Amino acid sequence: MRQLLKSFSLALGLAGFAAPALAATQYPLTLTNCGQQVTFEKAPAKIVSIGQGMTEVLFSLGLADKIAGTAVWVGPVLPQYADVNSRIKRLADNDPSFESVVGAEPDLVAAEFEWHVGTQGSVGKREQFGDLGINTYVAPADCVAKINTDGGDGVRKELFTMDLIYQEIAELSEIFDVKDRGDAVIADLKKREAAAVASVAGAAAKNLPVVFWFSSKEVKGDAFIAGKNSAPAYILKTLGAKNVVTTEEEWPLVGWETISQANPAVIVIATMDRRRYAADDPKVKVDFLENDPVTKELDAVRNKRFIMMDAQSMNPTIRTIDGIETLAKGIQSFGLAQ
(Lines give C-alpha, C1' and ligand atoms only; values in the text may rest on other atoms or scores of the structure.)
Protein backbone atom coordinates (compact mmCIF):
# COMPACT_ATOMS: atom_id res chain seq x y z
CA MET A 1 0.00 0.00 0.00
CA ARG A 2 2.86 2.39 0.91
CA GLN A 3 4.48 1.71 -2.44
CA LEU A 4 1.17 2.39 -4.19
CA LEU A 5 0.77 5.72 -2.36
CA LYS A 6 4.36 6.62 -3.13
CA SER A 7 3.83 5.89 -6.82
CA PHE A 8 0.60 7.90 -6.81
CA SER A 9 2.33 10.89 -5.19
CA LEU A 10 5.15 10.66 -7.71
CA ALA A 11 2.64 10.59 -10.56
CA LEU A 12 0.93 13.68 -9.22
CA GLY A 13 4.25 15.43 -8.94
CA LEU A 14 5.20 14.57 -12.48
CA ALA A 15 1.80 15.63 -13.74
CA GLY A 16 2.19 18.97 -12.01
CA PHE A 17 5.66 19.36 -13.49
CA ALA A 18 4.36 18.55 -16.98
CA ALA A 19 1.48 21.02 -16.81
CA PRO A 20 2.64 24.26 -15.14
CA ALA A 21 0.08 26.84 -14.09
CA LEU A 22 -0.71 29.61 -16.53
CA ALA A 23 1.42 32.74 -16.17
CA ALA A 24 -0.09 35.38 -13.93
CA THR A 25 -1.14 38.72 -15.37
CA GLN A 26 1.69 41.22 -15.32
CA TYR A 27 0.58 44.64 -14.03
CA PRO A 28 0.39 47.37 -15.06
CA LEU A 29 -1.66 45.88 -17.89
CA THR A 30 -2.59 48.05 -20.87
CA LEU A 31 -5.24 47.04 -23.39
CA THR A 32 -6.75 48.79 -26.37
CA ASN A 33 -10.50 48.61 -25.84
CA CYS A 34 -12.93 50.07 -28.35
CA GLY A 35 -10.33 52.52 -29.61
CA GLN A 36 -9.09 53.62 -26.19
CA GLN A 37 -6.08 52.53 -24.19
CA VAL A 38 -7.01 51.30 -20.72
CA THR A 39 -4.40 50.61 -18.06
CA PHE A 40 -4.91 48.49 -14.96
CA GLU A 41 -2.40 48.85 -12.13
CA LYS A 42 -3.93 45.80 -10.46
CA ALA A 43 -6.99 43.58 -10.73
CA PRO A 44 -10.15 45.66 -10.13
CA ALA A 45 -11.69 45.08 -6.71
CA LYS A 46 -15.19 46.40 -7.36
CA ILE A 47 -17.21 46.37 -10.61
CA VAL A 48 -20.46 47.86 -11.85
CA SER A 49 -21.75 45.82 -14.78
CA ILE A 50 -24.08 47.51 -17.26
CA GLY A 51 -25.76 44.97 -19.53
CA GLN A 52 -27.06 41.49 -18.78
CA GLY A 53 -24.71 39.87 -21.29
CA MET A 54 -21.68 41.49 -19.65
CA THR A 55 -22.88 40.44 -16.19
CA GLU A 56 -23.28 36.82 -17.25
CA VAL A 57 -19.75 36.78 -18.69
CA LEU A 58 -18.42 38.09 -15.37
CA PHE A 59 -20.40 35.41 -13.54
CA SER A 60 -18.95 32.73 -15.80
CA LEU A 61 -15.47 33.89 -14.78
CA GLY A 62 -16.31 33.52 -11.09
CA LEU A 63 -16.24 37.26 -10.41
CA ALA A 64 -19.64 37.67 -8.75
CA ASP A 65 -18.06 38.64 -5.44
CA LYS A 66 -16.50 41.70 -7.11
CA ILE A 67 -19.75 43.03 -8.61
CA ALA A 68 -21.16 45.96 -6.62
CA GLY A 69 -24.13 46.59 -8.89
CA THR A 70 -25.77 45.64 -12.19
CA ALA A 71 -28.17 47.25 -14.65
CA VAL A 72 -29.90 46.79 -18.03
CA TRP A 73 -31.73 43.48 -17.74
CA VAL A 74 -33.84 41.91 -20.48
CA GLY A 75 -34.90 38.68 -18.77
CA PRO A 76 -33.97 36.20 -16.04
CA VAL A 77 -30.31 35.54 -15.41
CA LEU A 78 -28.92 32.17 -16.53
CA PRO A 79 -30.25 29.59 -14.03
CA GLN A 80 -26.81 28.59 -12.75
CA TYR A 81 -26.20 32.17 -11.59
CA ALA A 82 -29.59 32.85 -10.03
CA ASP A 83 -28.33 32.47 -6.46
CA VAL A 84 -25.30 34.76 -6.71
CA ASN A 85 -27.26 37.28 -8.76
CA SER A 86 -29.94 37.55 -6.08
CA ARG A 87 -27.34 38.88 -3.64
CA ILE A 88 -26.08 41.68 -5.91
CA LYS A 89 -27.69 45.12 -5.94
CA ARG A 90 -29.59 45.95 -9.12
CA LEU A 91 -29.10 49.64 -9.82
CA ALA A 92 -31.79 49.69 -12.52
CA ASP A 93 -33.67 47.33 -14.80
CA ASN A 94 -32.85 49.62 -17.70
CA ASP A 95 -30.33 52.48 -17.92
CA PRO A 96 -28.91 53.45 -14.51
CA SER A 97 -28.06 57.04 -13.68
CA PHE A 98 -24.43 58.17 -13.71
CA GLU A 99 -24.79 59.04 -10.03
CA SER A 100 -26.01 55.56 -9.07
CA VAL A 101 -23.07 53.92 -10.87
CA VAL A 102 -20.51 56.22 -9.26
CA GLY A 103 -22.26 55.82 -5.91
CA ALA A 104 -21.41 52.12 -5.94
CA GLU A 105 -17.74 53.19 -5.77
CA PRO A 106 -16.43 50.88 -8.51
CA ASP A 107 -12.91 50.94 -9.87
CA LEU A 108 -14.23 49.41 -13.11
CA VAL A 109 -17.43 49.98 -15.07
CA ALA A 110 -17.95 47.18 -17.61
CA ALA A 111 -20.57 47.79 -20.30
CA GLU A 112 -22.15 45.50 -22.86
CA PHE A 113 -23.12 48.37 -25.17
CA GLU A 114 -21.22 51.50 -26.17
CA TRP A 115 -24.42 53.54 -26.19
CA HIS A 116 -24.44 53.17 -22.38
CA VAL A 117 -20.77 53.97 -21.80
CA GLY A 118 -19.13 55.64 -24.78
CA THR A 119 -18.91 58.80 -26.87
CA GLN A 120 -22.62 59.44 -26.53
CA GLY A 121 -23.15 57.28 -23.46
CA SER A 122 -26.64 57.42 -22.03
CA VAL A 123 -25.18 56.47 -18.63
CA GLY A 124 -21.90 58.35 -18.96
CA LYS A 125 -18.93 59.00 -21.21
CA ARG A 126 -15.72 57.08 -20.62
CA GLU A 127 -13.96 60.38 -19.93
CA GLN A 128 -16.44 61.19 -17.17
CA PHE A 129 -15.61 57.98 -15.38
CA GLY A 130 -11.91 58.39 -16.10
CA ASP A 131 -11.90 61.85 -14.48
CA LEU A 132 -13.05 60.14 -11.27
CA GLY A 133 -10.36 57.48 -11.48
CA ILE A 134 -12.79 54.81 -12.65
CA ASN A 135 -11.67 52.53 -15.46
CA THR A 136 -14.12 51.44 -18.18
CA TYR A 137 -14.35 48.40 -20.44
CA VAL A 138 -16.80 47.94 -23.32
CA ALA A 139 -17.55 44.58 -24.93
CA PRO A 140 -15.56 44.26 -28.20
CA ALA A 141 -18.66 42.83 -29.90
CA ASP A 142 -20.21 46.28 -29.74
CA CYS A 143 -17.36 48.23 -31.29
CA VAL A 144 -15.20 46.02 -33.54
CA ALA A 145 -16.28 46.83 -37.12
CA LYS A 146 -19.29 48.62 -35.62
CA ILE A 147 -20.27 52.30 -35.59
CA ASN A 148 -22.36 53.62 -32.70
CA THR A 149 -22.67 57.32 -33.43
CA ASP A 150 -26.26 57.54 -34.62
CA GLY A 151 -27.84 57.17 -31.20
CA GLY A 152 -29.53 53.90 -32.15
CA ASP A 153 -28.33 50.31 -32.07
CA GLY A 154 -25.45 51.11 -34.39
CA VAL A 155 -24.24 49.95 -37.79
CA ARG A 156 -22.26 46.72 -38.04
CA LYS A 157 -19.90 46.66 -41.02
CA GLU A 158 -18.85 43.01 -40.70
CA LEU A 159 -20.74 39.88 -39.70
CA PHE A 160 -20.66 39.24 -35.96
CA THR A 161 -18.95 36.01 -34.93
CA MET A 162 -18.46 34.32 -31.57
CA ASP A 163 -14.76 35.21 -31.79
CA LEU A 164 -15.71 38.63 -30.42
CA ILE A 165 -17.25 37.01 -27.35
CA TYR A 166 -14.16 34.86 -26.91
CA GLN A 167 -12.04 38.02 -27.12
CA GLU A 168 -14.12 39.64 -24.37
CA ILE A 169 -13.74 36.63 -22.09
CA ALA A 170 -9.98 36.44 -22.72
CA GLU A 171 -9.45 40.14 -22.04
CA LEU A 172 -11.55 40.18 -18.87
CA SER A 173 -9.81 37.08 -17.56
CA GLU A 174 -6.47 38.81 -18.12
CA ILE A 175 -7.65 42.02 -16.42
CA PHE A 176 -8.72 40.04 -13.35
CA ASP A 177 -5.81 37.58 -13.44
CA VAL A 178 -8.05 34.53 -13.87
CA LYS A 179 -6.71 33.29 -17.20
CA ASP A 180 -7.29 29.66 -16.26
CA ARG A 181 -11.00 30.35 -15.79
CA GLY A 182 -11.17 32.30 -19.02
CA ASP A 183 -9.53 29.52 -21.01
CA ALA A 184 -11.93 26.97 -19.50
CA VAL A 185 -15.00 29.09 -20.34
CA ILE A 186 -13.82 29.68 -23.92
CA ALA A 187 -13.04 25.97 -24.40
CA ASP A 188 -16.50 25.00 -23.16
CA LEU A 189 -18.26 27.55 -25.39
CA LYS A 190 -16.27 26.46 -28.44
CA LYS A 191 -17.18 22.86 -27.71
CA ARG A 192 -20.86 23.80 -27.48
CA GLU A 193 -20.67 25.86 -30.65
CA ALA A 194 -19.10 22.97 -32.56
CA ALA A 195 -21.78 20.62 -31.22
CA ALA A 196 -24.53 23.06 -32.20
CA VAL A 197 -23.17 23.35 -35.73
CA ALA A 198 -22.83 19.55 -35.97
CA SER A 199 -26.38 19.08 -34.73
CA VAL A 200 -27.77 21.01 -37.69
CA ALA A 201 -25.46 19.54 -40.31
CA GLY A 202 -28.31 17.46 -41.69
CA ALA A 203 -30.90 20.15 -41.19
CA ALA A 204 -29.71 22.92 -43.45
CA ALA A 205 -32.38 25.41 -44.38
CA LYS A 206 -30.82 26.78 -47.54
CA ASN A 207 -32.13 30.25 -48.35
CA LEU A 208 -35.15 29.78 -46.09
CA PRO A 209 -36.37 33.37 -45.48
CA VAL A 210 -36.41 34.13 -41.75
CA VAL A 211 -37.08 37.31 -39.78
CA PHE A 212 -35.96 38.03 -36.21
CA TRP A 213 -38.35 40.41 -34.41
CA PHE A 214 -36.94 41.87 -31.19
CA SER A 215 -39.61 44.46 -30.36
CA SER A 216 -41.42 47.60 -31.54
CA LYS A 217 -41.94 51.01 -30.00
CA GLU A 218 -45.56 50.85 -31.14
CA VAL A 219 -47.21 47.47 -31.71
CA LYS A 220 -48.61 48.45 -35.10
CA GLY A 221 -45.58 50.51 -36.05
CA ASP A 222 -42.24 49.63 -37.56
CA ALA A 223 -40.45 46.70 -35.95
CA PHE A 224 -36.89 46.27 -34.70
CA ILE A 225 -35.67 43.54 -37.06
CA ALA A 226 -32.20 41.95 -37.04
CA GLY A 227 -29.81 43.43 -39.60
CA LYS A 228 -27.60 41.51 -42.01
CA ASN A 229 -24.47 41.47 -39.79
CA SER A 230 -26.07 41.01 -36.39
CA ALA A 231 -25.87 38.06 -34.00
CA PRO A 232 -29.09 36.60 -35.50
CA ALA A 233 -27.44 36.90 -38.93
CA TYR A 234 -24.60 34.74 -37.62
CA ILE A 235 -27.17 32.20 -36.43
CA LEU A 236 -28.82 32.22 -39.86
CA LYS A 237 -25.52 31.83 -41.68
CA THR A 238 -24.69 28.82 -39.51
CA LEU A 239 -27.95 27.18 -40.62
CA GLY A 240 -27.78 28.36 -44.21
CA ALA A 241 -31.02 30.32 -43.86
CA LYS A 242 -31.67 33.77 -45.36
CA ASN A 243 -32.13 37.04 -43.51
CA VAL A 244 -34.97 39.09 -44.96
CA VAL A 245 -33.15 42.32 -44.02
CA THR A 246 -30.11 43.52 -45.99
CA THR A 247 -29.19 46.71 -44.14
CA GLU A 248 -26.03 47.01 -42.02
CA GLU A 249 -27.93 48.60 -39.15
CA GLU A 250 -27.86 46.32 -36.11
CA TRP A 251 -31.61 46.51 -35.41
CA PRO A 252 -33.23 48.70 -38.09
CA LEU A 253 -36.83 49.78 -37.80
CA VAL A 254 -38.60 48.05 -40.69
CA GLY A 255 -42.20 48.39 -41.85
CA TRP A 256 -44.33 45.25 -42.11
CA GLU A 257 -45.23 46.12 -45.69
CA THR A 258 -41.52 45.81 -46.53
CA ILE A 259 -41.24 42.54 -44.59
CA SER A 260 -44.30 41.16 -46.38
CA GLN A 261 -42.49 41.51 -49.72
CA ALA A 262 -39.89 39.01 -48.49
CA ASN A 263 -42.70 36.81 -47.13
CA PRO A 264 -40.69 35.07 -44.38
CA ALA A 265 -41.32 31.36 -43.88
CA VAL A 266 -40.37 31.62 -40.20
CA ILE A 267 -40.62 34.46 -37.68
CA VAL A 268 -38.34 34.29 -34.64
CA ILE A 269 -39.92 36.17 -31.75
CA ALA A 270 -37.87 37.57 -28.87
CA THR A 271 -39.08 36.63 -25.41
CA MET A 272 -38.19 38.83 -22.46
CA ASP A 273 -39.36 40.04 -19.08
CA ARG A 274 -38.56 43.63 -20.03
CA ARG A 275 -41.57 45.83 -20.73
CA ARG A 276 -39.86 48.93 -22.06
CA TYR A 277 -41.53 48.97 -25.47
CA ALA A 278 -45.10 48.21 -26.50
CA ALA A 279 -44.21 44.95 -28.26
CA ASP A 280 -41.80 43.52 -25.67
CA ASP A 281 -44.42 40.96 -24.64
CA PRO A 282 -44.25 37.96 -27.05
CA LYS A 283 -48.02 37.41 -26.68
CA VAL A 284 -48.59 40.94 -27.97
CA LYS A 285 -46.35 40.18 -30.95
CA VAL A 286 -48.27 37.02 -31.88
CA ASP A 287 -51.66 38.72 -31.47
CA PHE A 288 -50.56 41.50 -33.83
CA LEU A 289 -49.19 39.09 -36.42
CA GLU A 290 -52.36 37.02 -36.50
CA ASN A 291 -54.77 39.96 -36.72
CA ASP A 292 -53.07 42.68 -38.74
CA PRO A 293 -54.38 42.66 -42.34
CA VAL A 294 -50.84 42.67 -43.78
CA THR A 295 -49.02 40.32 -41.45
CA LYS A 296 -51.75 37.68 -41.20
CA GLU A 297 -51.15 36.85 -44.87
CA LEU A 298 -47.46 36.07 -44.36
CA ASP A 299 -46.47 32.46 -45.00
CA ALA A 300 -44.99 32.19 -41.48
CA VAL A 301 -48.19 33.49 -39.87
CA ARG A 302 -50.64 31.44 -41.92
CA ASN A 303 -48.69 28.30 -40.98
CA LYS A 304 -48.02 29.45 -37.40
CA ARG A 305 -44.28 29.09 -37.83
CA PHE A 306 -43.27 31.11 -34.80
CA ILE A 307 -40.09 30.31 -32.90
CA MET A 308 -39.79 31.75 -29.41
CA MET A 309 -36.21 32.71 -28.60
CA ASP A 310 -34.75 34.30 -25.49
CA ALA A 311 -33.90 37.90 -26.34
CA GLN A 312 -30.37 37.50 -25.00
CA SER A 313 -29.72 34.85 -27.64
CA MET A 314 -30.39 37.56 -30.23
CA ASN A 315 -27.71 39.82 -28.72
CA PRO A 316 -23.97 39.20 -29.11
CA THR A 317 -23.59 37.15 -25.91
CA ILE A 318 -22.56 33.75 -24.62
CA ARG A 319 -26.18 32.77 -25.33
CA THR A 320 -25.87 33.17 -29.11
CA ILE A 321 -25.00 29.48 -29.26
CA ASP A 322 -28.36 28.73 -27.61
CA GLY A 323 -29.92 30.68 -30.48
CA ILE A 324 -28.37 28.33 -33.06
CA GLU A 325 -29.83 25.34 -31.24
CA THR A 326 -33.26 26.96 -30.80
CA LEU A 327 -33.65 27.94 -34.45
CA ALA A 328 -32.42 24.57 -35.67
CA LYS A 329 -34.96 22.71 -33.54
CA GLY A 330 -37.73 25.03 -34.72
CA ILE A 331 -36.91 24.57 -38.40
CA GLN A 332 -36.78 20.81 -37.94
CA SER A 333 -40.13 20.79 -36.08
CA PHE A 334 -41.76 22.63 -39.00
CA GLY A 335 -40.43 20.07 -41.47
CA LEU A 336 -38.49 22.74 -43.33
CA ALA A 337 -35.03 21.24 -43.01
CA GLN A 338 -33.46 20.21 -46.30
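**Gln52 and helix H2**

In which helix does Gln52 lie? Gln52 belongs to helix H2, and in this predicted model the residue is buried, because its relative accessible area is 1%, which falls under the 20% limit. Leaving aside neighbours within four places in sequence, Gln52 is in contact with a run of residues from Ala71 to Pro76 and Val77, among them Val72, Trp73, Val74 and Gly75. Its contacts also include Glu112, Gln312 and Arg319.

**The cavity and its lining**

The structure holds one cavity of 30 Å³ or more, and the space inside the largest cavity comes to about 40 Å³. The residues that line the largest cavity are Gly53, Met54, Val57, Glu112, Ala139, Ile165, Glu168, Pro316, Thr317 and Ile318. Two elements, helix H2 (52-60) and helix H6, each give two or more residues to this lining, and H2 gives the most, with three residues.

**Helix H6**

Helix H6 covers residues 163-175, a stretch of 13 residues. From its first C-alpha to its last the helix reaches 18 Å, which is close to the 18 Å expected at 1.5 Å a residue. An α-helix has 3.6 residues a turn, so residues three or four places apart point the same way. After H6 comes Asp177, a residue whose phi is positive, near 55°.

**The disulfide**

The structure holds one disulfide, formed by Cys34 and Cys143, with their sulfur atoms 2.0 Å apart. The torsion about the S-S bond of this pair is about -75°, so the disulfide is left-handed. The pair links distant parts of the chain, 109 residues apart: Cys34 sits in the loop between strand S1 (29-33) and strand S2 (36-40), while Cys143 sits in the loop between strand S7 (135-138) and strand S8 (146-147).

Are these two cysteines buried or exposed? Cys34 has a relative accessible area of 18% and is therefore buried, and Cys143 is likewise buried, with a relative accessible area of 15%.

**Salt bridges**

A search of the whole structure finds 15 salt bridges. In one of them the side chains of Lys146 and Asp142 meet at 2.9 Å, N to O. Lys146 counts as buried because its relative accessible area is 7%, and Asp142 is buried as well, with a relative accessible area of 3%. Another salt bridge joins Glu250 to Arg156, with the closest N and O atoms 2.8 Å apart. This pair links distant parts of the chain, since Glu250 lies in the loop between strand S12 (242-243) and strand S13 (253-254), whereas Arg156 lies in strand S9 (residues 155-156), 94 residues apart. Both Glu250 and Arg156 are buried.

A further salt bridge is formed where the side chains of Arg192 and Glu325 meet at 3.9 Å, N to O. Here too the pair links distant parts of the chain, with Arg192 in helix H7 (residues 179-199) and Glu325 in helix H12 (residues 320-333), 133 residues apart. Arg192 counts as partly exposed because its relative accessibility is 25%, and Glu325, at 26% relative accessibility, also counts as partly exposed.

**Gly118 in its loop**

Where does Gly118 lie? Gly118 is found in the loop between strand S6 (108-111) and helix H5 (126-131), and because its relative accessibility is 4%, the residue counts as buried. Not counting residues up to four places away in sequence, Gly118 touches Gly124, Lys125 and Arg126. Gly118 and Asn135 are 17 residues apart in sequence, and their C-alpha atoms are 12 Å apart in space.

How values were computed:
Residues are numbered from 1 along each chain as its sequence is written. This is a predicted model: local features need pLDDT of at least 70, side-chain atom pairs count only at pLDDT 80 or more; totals for chains, interfaces and linings use all residues. Side-chain values use heavy atoms; hydrogens and water are left out. Helices (H or I, at least four residues) and strands (E, at least two) are DSSP runs, numbered from the N terminus. Buried means under 20% relative accessible area, exposed over 50%, partly exposed in between (1.4 Å probe, protein chains only). Contact means heavy atoms within 4.5 Å. The expected span of a helix is 1.5 Å times one less than its number of residues. A salt bridge is a side-chain nitrogen of Lys or Arg within 4 Å of a carboxyl oxygen of Asp or Glu. A disulfide is a pair of cysteine sulfur atoms within 2.5 Å. On a 1 Å grid over the protein atoms alone, a cavity is a set of points where a 1.4 Å probe fits but cannot get out, and a pocket is an open set with protein on both sides within 12 Å along at least five of seven lines; lining residues have an atom within 4 Å of a point. Grid points are joined across faces, edges and corners, and a volume is the space filled by probe spheres set on the points.
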